Amino acid sequence: MLNSLRSIVQEVNAARDMKTALAIIVTRVKQAMGTQVCSVYLGNPKGDYVLMATDGLNADAVGKVRLRPGEGLVGRVVMREEPVNLEHAETHPSYQYFPETGEERFASFLGVPIIHHRKVLGVLVVQQVEQRRFDEGDEAFLVTMSAQLAGVIAHAEATGAMDIMGDKATQAKFIGVSGAPGIAIGEAVVITPPADLRSVPYKACTDVDAELAFFQQCLMAVREDIKSLGEQLRSRINREEQALFDAYLAMLDDASLGSEVSERIRRGTNASYAWSEVILEHENTFNSMNDPYLRERATDLRDLGRRVLAYLQESNQKCRVYPDKTILIGEELTASMLGEIPKEKLAGLVSVLGSSNSHVAILARAMDIPTVMGAVDLPYTQMDQRSVIVDGYKGTVYSDPGPQLRKHYKAIFLEEQELVKGLEALKDLPCETLDHYRLPLWVNTGLMTDVVRSLERGAEGVGLYRTEVPFLLRDRFPSEEEQRAIYREQLEAFAPHTVTMRTLDIGGDKALPYFPIEEDNPFLGWRGIRVTLDHPEIFLAQLRAMIKASEGLDNLRILLPMITSVAELESSKLLIHRVFNELLEEGFKVKMPHIGVMIEVPAAVYQVRELSTRVDFLSVGSNDLTQYLLAVDRNNARVADLYQAFHPAVLRALQHIVTEGHAERVSVGICGELAGDPGAAILLMAMGYDVLSMNATNLPKVKSVIRSITLKQAKALLAEVMTMVNAEQIRQRLDQALKEAGVTRLIRPAAQD
Ligand code: PEP
Ligand code: MG
């Protein structure tokens, strides 16, 4: 059973479109369960459940039989959201007979719901002529099957909604996480790693003859390569291994592979896509065979597939013209891919994998490019040349947006531009409430580009310099001297303002390519200070570089990430003092920097007093604190709606930290994303935070809101929201407060659905 389950899911997964996926499901499930019928009903936008595929009922009924929830047995499965298992289906009060299906012959019925993200997508049904009580095992098998297929169907549905051939494209929405704020409206350009069969973007072919000739030319080139490879290795490999090359050539010569591809090209698909489709289909067939020898052939086929694809793609790549508003989409965008597109043409980014902490997201924020990360359900290979909207605030992507949605986002886009222009005037004005309370606004940095933008926007200091960024951009640890030079640049650019440098915060999802950390649960694993305390040689070099860089400027503060215990703080301080004393002995004229800890782990929240007596300042990392308090992975799109920055528990923790920290007379700041949210900034100021540190993009917005209210109003608002019990209610109250303060334009743009 397990084997057939796996292989069915695998096959369905590999299907390129919904129709094929459904056909595989009904045939293979029927086979595996030894029934006479298997059918799939799927919900349509009107709320009907339509027979979409069947093996056993009359094929003509497909698309015609429709049921409302509650109607018939299928409707009953939908309504109850649980299996219906009947030996005598026709005697059940809900039974409804559809003559076109020919189902009157089938006595027994087992239907299970296909549920994805709490929504009933459809129903999977098996039926049998003879009376058969499907046993517990059958039911469990079908439920397991359906649970596994739900994600695949949801994905295929989204792809189907987009309509691959492009002439009836309808709007589809995909959820990810925000990578960089902002709205981008443009045309998709899919970028893929070369010769990856699974990520070839669909493209139509306009000149069939030219495409066919091109395909033959590429096949020929690979034939030559393989022949010469075989020649080169002839003296070094045995006869059996040599046979592999002959087998390769035979596959290429095999009229069927080539002719299948040519056939698809003639139907209007370009050669790369047609080739990858054919290879993947054959690979699947080999994979599903029980004979290990034949399964092994799948590997050869894949290798061959990649070789030909490399040729097919090479020539295509050269003549790429980027549209003016390019939305770059890829399975895993990397920083180097950004370099391929002229800067003025790059409007937005979407990465299927990755998180807000990925390299590319950090760069995107620095470059002000609206970005969505982790859009895991996006059928990115089908996106090329489609019209796309990127909502970098909410982390959503729309393909083929309809006129209404387009208008909605266009308005937000224009408003944003107006807003930015309007806010530029605030640069030299103080961040001060109407009743003259001063609140310093600092910035988070990582790259030199951040520094320039920050200074342009009137930042008064750096609350978080993420030192891992320069580490991420290299192919080895930067040397002490290299680090000193980089840190010096940051310190000099902001002098005499303070620059808070966080010691290396790697681990979690921030892996250095040259220092991989493989863990099942990386966010609860070897992260931040845990890594650097275990590697004093890395930590000491960084501390030396930082303190040396501050010589003569004396504007450095050192911040320790992921502190979970007083012991970790004590050990870190010991090393900082050691470095400082050694530098003095070496003759450097340096001053002891202030030391602070990040409060980003619940354990630290409950030890704020103990930590405060041992440091000069605290800085709250609300990004991690929220994920650890709510047990929600900050980068997982599936639970993105549970990552609630305004959860009452988070707000209480934030209030507790600042109150306790102040009781020990240390300065308390916050450097998580929350600080850059205009509504949140009001609350944080009212809680007593001494400094808010944020992305340079958000700084003028926060300044604008602070300048529009009084501290008294902010405190009253805080008192009010602290009595509320859910995050959404709090969010709405804050939006209302922004309206009352006359800064409606700062409310985060809401997406339409
Ligand atoms: C945080 O966790 O809030 C924080 C500022 O650090 P990072 O986002 O780099 O983990
Ligand atoms: Mg953090």
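Where is P496 found? P496 sits in the loop between α15 (480-494) and β17 (499-502). Helices here (H or I, at least four residues) and strands (E, at least two) are DSSP runs, numbered from the N terminus.

## Model and confidence

This is a predicted model, in which local features need pLDDT of at least 70, side-chain atom pairs count only at pLDDT 80 or more, and totals for chains, interfaces and linings use all residues. Residues are numbered from 1 along each chain as its sequence is written, chains are lettered from A and ligands numbered from 1 in the order in which they are written, and side-chain values use heavy atoms, with hydrogens and water left out.

The mean pLDDT of the protein is 89. That score is the predictor's confidence in each residue, from 0 to 100. Of the residues, 93% reach 70 or more. Over residues 163-167, pLDDT stays under 50. The model has ten contacts (heavy atoms within 4.5 Å) for that stretch, beyond four places in sequence. Where pLDDT is low, the predicted coordinates should not be read in detail.

## The shell around ligand 1

Ligand 1 is surrounded by 15 residues. A residue is near a molecule if one of its heavy atoms lies within 4 Å of it. The closest are R466, R502, G621, N623 and R634. By type, the shell holds three nonpolar, four polar and eight charged residues. Here Ala, Val, Leu, Ile, Met, Phe, Trp, Tyr, Cys and Pro count as nonpolar, Asp, Glu, Lys and Arg as charged, and the others, Gly among them, as polar. Two elements, β16 (462-466) and α21 (622-630), each supply at least two residues of the shell. The most comes from α21, with three residues.

For K510, a polar side-chain atom is 3.1 Å from an oxygen atom of ligand 1. For E600, a side-chain N or O atom is 3.1 Å from an oxygen atom of the ligand. For G621, a backbone N or O atom lies 3.4 Å from a ligand oxygen. Taken alone, ligand 1 exposes 290 Å², and the protein buries 100% of that. Accessible areas come from the Shrake-Rupley method with a 1.4 Å probe; for residues, only the protein chains shown count as cover.

Most residues other than glycine have a negative phi, and most peptide bonds are trans. The peptide bond from A495 to P496 is cis, with omega near 5°.

M562 is not a glycine, yet has a positive phi of about 60°. M562 lies in the loop between β18 (556-560) and α18 (566-585). At 1% relative accessibility, M562 is buried. Buried means under 20% relative accessible area, exposed over 50%, and partly exposed in between (1.4 Å probe, protein chains only). A631 also has a positive phi, near 55°. A631 belongs to the loop between α21 and α22 (648-663). With 71% relative accessibility, A631 counts as exposed.

## Helix α23

How many residues of helix α23 (residues 678-687) are buried? Ten of the ten are, so the helix is largely enclosed by the rest of the structure. Its buried residues pack against α22, β21 (667-670), β22 (691-694), α24 (699-706), α25 (711-721) and α26 (727-740).

At the start of α23, a side-chain oxygen of D677 comes within 2.9 Å of the backbone nitrogen of G679. Just after the helix, G688 takes a positive phi of about 110°.

S454 lies in helix α13 (residues 448-456). S454 is buried, with a relative accessible area of 1%. Not counting residues up to four places away in sequence, S454 touches V443, T445, A459, F494 and A696. V632 is in the loop between α21 and α22. V632 is buried too, at a relative accessible area of 5%. Beyond four places in sequence, V632 is in contact with Q627, V639, L642 and Y643.

D384 occupies the loop between β12 (371-373) and β13 (387-391). At 7% relative accessibility, D384 counts as buried. The side chains of D384 and K203 are joined by a polar contact of 3.2 Å. Such a contact is a pair of N or O atoms within 3.5 Å; within protein, one must be able to donate a hydrogen and the other to accept it, and residues adjacent in sequence count only if both atoms are side-chain atoms.
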